[in-house]
Amino acid sequence: MNFKSHIIILAVIESLRKRGSWTGKTHVQKALSILRDSGKTTVPFHFVLYKHGPYSFELESELEQMQSYGAVAIDPNPEGYGVTLKPAKMAKYLREVESLSDEERQAIDEICTFVGARNVADLERLATASWIRCQESVSRSTDVAKRLHALKPHIPIAEAEKADREVYSWLAATK
């Protein structure tokens, strides 16, 4: 069991909840993907470009492990879409056996402030734009938007450009 990975996930869940997020799995997935792209801290998960943007099968597996020993609860979202993640009884134990540095905690709080209470459609656009910019090394905004639209035809070019501007501004501010 990788408690370091678990404390990172728990910190993201807690930080998102403080910022008004309903904290679904998509919020945690996309927050950690964008955080990895920022380079502000090590994110111990491998991501692939998947149906709705960057996704980590490892992260999904770790969430299931955390649920199995009671560090997180995964409940149906009362709004009727997806699930809500929240700390559970064994989160206290996890905090006792593992910790984060001040730099890690600050990086997590910064990405969770950026992600906040955004909806999953916004997160798909932002995380995919970040992926294209950072993992595919596409630097021109028009090229990022074209690539995003090519990958996700349901995202109009104007929305792809807006997503790239937002993620580029956030990434630049974190450097």
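These legends describe close-up views of one predicted model.

The model is predicted, so local features need pLDDT of at least 70 and side-chain atom pairs count only at pLDDT 80 or more, while totals for chains, interfaces and linings use all residues. Residues are numbered from 1 along each chain as its sequence is written, and side-chain values use heavy atoms, with hydrogens and water left out.

**View 1. Aromatic pairs, with Y50 and F57 in the centre.** Rings of Phe, Tyr and Trp (its six-membered ring) pair if their centres lie within 6.5 Å; planes under 30 degrees apart are stacked, over 60 edge-to-face, and the rest tilted. By this rule there are six aromatic pairs. Y50 and F57 have ring centres 5.2 Å apart and planes at 80°, so they pair edge-to-face. Y50 is partly exposed at 38% relative accessible area (buried means under 20%, exposed over 50%, partly exposed in between; 1.4 Å probe, protein chains only). F57 is partly exposed too, at 47%. Elsewhere, ring pairs link F3, Y69 and Y93 into a cluster.

**View 2. The charged end of R118 over the ring of F114.** A charge sits over a ring if NZ of Lys or CZ of Arg is within 6 Å of the ring centre and within 35 degrees of the ring normal. Here the distance from the charged end of R118 to the centre of the F114 ring is 4.7 Å.

**View 3. A nonpolar surface patch of M90, Y93 and V97.** Together the three residues have about 230 Å² of accessible area, by the Shrake-Rupley method with a 1.4 Å probe, where for residues only the protein chains shown count as cover. Patches take residues with over 30% relative accessible area and no salt bridge; like charges are joined within 9 Å, nonpolar side chains (Val, Leu, Ile, Met, Phe, Trp, Tyr) within 5 Å. M90 lies in the loop between β4 (83–87) and α4 (91–97). Helices (H or I, at least four residues) and strands (E, at least two) are DSSP runs, numbered from the N terminus. M90 is partly exposed, at 32% relative accessibility.

**View 4. L35, buried in helix α2.** The helix spans residues 25–38. L35 has a relative accessible area of 1%. Leaving out residues up to four places away in sequence, L35 touches K40, T41, V43, A107, I108 and I111 (contact means heavy atoms within 4.5 Å).

**View 5. The salt bridge between E104 and K4.** A salt bridge is a side-chain nitrogen of Lys or Arg within 4 Å of a carboxyl oxygen of Asp or Glu. The structure holds 15. In this one, the closest N and O atoms are 3.0 Å apart. E104 is in helix α5 (residues 102–115) and K4 in helix α1 (residues 3–18), so the pair ties together parts 100 residues apart in sequence. E104 is buried at 15% relative accessibility, whereas K4 is partly exposed at 26%.

**View 6. The salt bridge between K86 and D75.** The closest N and O atoms are 3.0 Å apart. K86 is in strand β4 and D75 in strand β3 (residues 72–76), 11 residues apart. K86 is partly exposed at 32%, and D75 is partly exposed at 28%.

**View 7. R125 and its partner E159.** R125 lies in helix α6 (residues 120–134). The closest N and O atoms of this salt bridge are 3.1 Å apart. R125 is buried at 15%; E159 is partly exposed at 37%. Salt bridges with shared partners also join R118, K162 and E166 into one network.
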